[in-house]
Every structure is written in C-alpha cells, then in structure tokens.
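Student: I would like to learn how to read salt bridges in a model. Please take me through them.

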Amino acid sequence: MSISRLLELFRAYEEDSNVKFVVVKGKGRAFCAGGDVAAVVRDLNEGKWKLGAEFFRKEFTLNYLIATYSKPQVSILNGIVMGGGAGASIHGRFRVATETSVFAMPETALGLFPDVGASYFLSRLPGFLGNGRYP
C-alpha cells in the first residue's frame, strides 16, 4: 500500500467514530520491503527530485500523524520491515514483532540518512540493538 493511501486512511479513520483502533500489517512475507526508497533513488537519478520531495513530505506527515494519533494503532511486524515500514509502524502505540521479523534501514547503504525518526527510536533500543553492531 502506498504512503499516500495510508495517509488518506489514517486521516479518515481518525474522524470516523466507528473506528476504535487501527491494525496495520503487511501482505505476504514483508511488512514493508523498502521499495519506496528504491523508487525515490530512481527518480532522483532521472532528475525528478520533486517526486522524491513530495514522497518524503507525505511520508513524514504520515509518521507525525501516527505518532500523535488519537486512537490506538497496532503494527504487526511480520517478515521484512525496512525503511518507510519502520516509520509506518514504530511511531504507533503498539508494535508486535514475530519470529519472522527482520528490521533494517536500507537508506544508509544508498548514501541517504536514516529517516522516519530512526535516529530517535534506534538510539532508545536496549543494549546494542540500535547501533548496527553487536557487543
């Protein structure tokens, strides 16, 4: 599901008194496999930087909306959780990791900064989980 669609749904659900909480889960083997970042890099390489800027505007707006959401949100992090999937889940009230959860921030391998508030939430994980190294 696209960032635009998630943003639209979250806004609609917040106004709908029949919606008491929101559950977000992926389809198949991934919650979010980072394809959004690959598309933004492709657009940048083709000189379409405005598309990337608009994408990130929507993504960060969604992250803020989720972080300040008035209703409980549960993210079921089954399978691969990368990049934008981290932002669409980690800022919610509840996150459920499963035995197949794999979490990554691929932006750094592409030369981009770890966005979606990653420097905030990764630095608060216990032990050495958030620094990409093991003790």
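Student: How many salt bridges does a search of the whole structure find?

Tutor: A salt bridge is a side-chain nitrogen of Lys or Arg within 4 Å of a carboxyl oxygen of Asp or Glu. A search of the whole structure finds four. This is a predicted model, in which local features need pLDDT of at least 70 and side-chain atom pairs count only at pLDDT 80 or more, while totals for chains, interfaces and linings use all residues. Residues are numbered from 1 along each chain as its sequence is written, and side-chain values use heavy atoms, with hydrogens and water left out.

Student: Which residue forms a salt bridge with Arg 5, and where do both lie?

Tutor: Helices are DSSP runs (H or I, at least four residues), numbered from the N terminus. Arg 5 pairs with Glu 8, with the closest N and O atoms 2.3 Å apart. Both lie in helix H1 (residues 3-15), three residues apart, about one turn of the helix.

Student: What joins Glu 54, Arg 57 and Lys 58?

Tutor: Start with Glu 54 and Arg 57, whose side chains meet in a salt bridge of 2.6 Å, N to O. Both lie in helix H3 (residues 49-67), three residues apart. Salt bridges that share partners join Glu 54, Arg 57 and Lys 58 into one network.

Definitions and conventions: Helix = DSSP H or I, 4+ residues; strand = E, 2+ residues; numbered from the N terminus.
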